[in-house]
Amino acid sequence: MNPKIASYLRDQAPATPCLVLDVDRVAENYGRLKAALPLARVYYAVKANPAAPILDRLTVLGSSFDAASWEEIQACLEAGARPADISFGNTVKKESAIKAAFAAGVTMFAFDSEPELRKLARSAPGARVYCRILVENKGAEWPLSRKFGCEPAMARDLMVKAAEWGLDPYGISFHVGSQQTQTGAYEAAIARVAMIFTDLKDAGINLRMVNLGGGYPVRYRAEVPEIDAFGDAIMGAMTEHFGNALPEMVIEPGRFMVGDAGVVSSEVVLVSRKSEDDPVRWVYLDIGRFGGLAETEGESIRYAFQTPHDGSEEGPVSIAGPTCDSTDTLYEKSNYRLPMALDAGDQVQLLSTGAYVTTYASQAFNGFRPLAEHYI
Ligand SMILES: *Cc1c(COP(=O)(O)O)cnc(C)c1O
């Protein structure tokens, strides 16, 4: 575990469940991304963790921001971000939110449909717009399905319309799915984008920007490729398809920026069995699906655990949260093993839980309060 977080947990003994996040580690991750992709502008995906200490630090470092709502835009502005450095990246926006963002000086907007483009033409006249396309999400442990993006042929037609309607047809975006473990996913998506650039050039429209989205993975239980491998694959594909006429590049990392900077500390509430001779123990924690661990849905994201008994004999476990809802079971099928000595009252840590946890917590289901947060 991160030594700064370990000593905070030891010295401060904060009440569980809580997230402890090392903001210096976020700054390091920003540096690692810049080193891996020096030509790309970094737009931090605010939804991964919108805490003010993170937004403040990233602003100082010169990061830009990908916001999904007017509320997230306000959080970025409060952190000192310039409106010109904020992208309104949600393709599904209330027109009142578009108006508010435009009035505040935000000039970069995503869309993936004609009705949304119409809203932008009305309420953000002249703004830079980029169209999100559908791409393969294979290799992603938290895929984004077909909810966002349109087919390339539609993107092409919409960009022509954008120009006709007085908007600035700026570029194309995609998202290869979150916790993407295969560098090839970006290469395939870049090839799709390049074809749209070519088609539109023939129509007299010169796009200027490729938005490569997020997806860059964090190490949980299994190894993942290093960020440099993603940087190399992306630059290789960009050079292959665009030669020396490289467009502006944007990346929108969420999970990678904050994931490994945070640790959730939790207490074991109960260790039990369903029958005397059942080898599987059920371990109930004071945090579960409703306390912030929403990404355990379908056992998609499989967190690594640390316990006070690590190194001693282990046995199979199912792991569940504290509420009276059966969907509040974290892992039954993912072959988790924990020490036989684990007992009620022990503290366990869930590693690399800085992303997609605090804001995924319910308000007070079964009376449990949202996750406490400590930024150090
Ligand atoms: C969620 C999201 C991201 C961040 O994705 P990660 O997989 O966390 O890096 C980036 N861009 C958009 C548009 C998103 O919705």
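The ligand takes up the space of the largest pocket in this model. A pocket here is found on a 1 Å grid over the protein atoms alone, as an open set of points where a 1.4 Å probe fits, with protein on both sides within 12 Å along at least five of seven lines. Before we go on, keep in mind that this is a predicted model, where local features need pLDDT of at least 70, side-chain atom pairs count only at pLDDT 80 or more, and totals for chains, interfaces and linings use all residues. Residues are numbered from 1 along each chain as its sequence is written, and side-chain values use heavy atoms, with hydrogens and water left out.

So who sits around the ligand? There are 13 residues, and the closest are Lys-47, Ser-178, Glu-252, Arg-255 and Tyr-356; to count as near, a residue needs a heavy atom within 4 Å of the molecule. Sort this shell by type and you get three nonpolar, five polar and five charged residues. In that sorting, Ala, Val, Leu, Ile, Met, Phe, Trp, Tyr, Cys and Pro are nonpolar, Asp, Glu, Lys and Arg are charged, and the others, Gly among them, are polar.

Now look at some polar contacts, meaning pairs of N or O atoms within 3.5 Å. The side chain of Ser-178 puts an N or O atom 2.4 Å from an oxygen atom of the ligand. On its own the ligand would expose 390 Å², and the protein buries 91% of that (areas by the Shrake-Rupley method with a 1.4 Å probe).

Gln-179 is not a glycine, yet its phi is positive, about 55 degrees. You'll find Gln-179 in strand β9, residues 178-180; strands are DSSP runs of E with at least two residues, and helices are runs of H or I with at least four, numbered from the N terminus.

Finally, go back to the start of the chain. Asn-2 caps the N-terminal end of helix α1 (residues 3-12), with a side-chain oxygen 2.8 Å from the backbone nitrogen of Lys-4. After α1 comes Ala-13, with a positive phi near 40 degrees. Then Thr-16 and Pro-17 are joined by a cis peptide bond, omega about -5 degrees, and Pro-17 lies in the loop between α1 and β1 (18-21).

Note on methods
A polar contact is a pair of N or O atoms within 3.5 Å; within protein, one must be able to donate a hydrogen and the other to accept it, and residues adjacent in sequence count only if both atoms are side-chain atoms. On a 1 Å grid over the protein atoms alone, a cavity is a set of points where a 1.4 Å probe fits but cannot get out, and a pocket is an open set with protein on both sides within 12 Å along at least five of seven lines; lining residues have an atom within 4 Å of a point. A molecule sits in a cavity or pocket if more than half of its atoms lie within 2 Å of its grid points.
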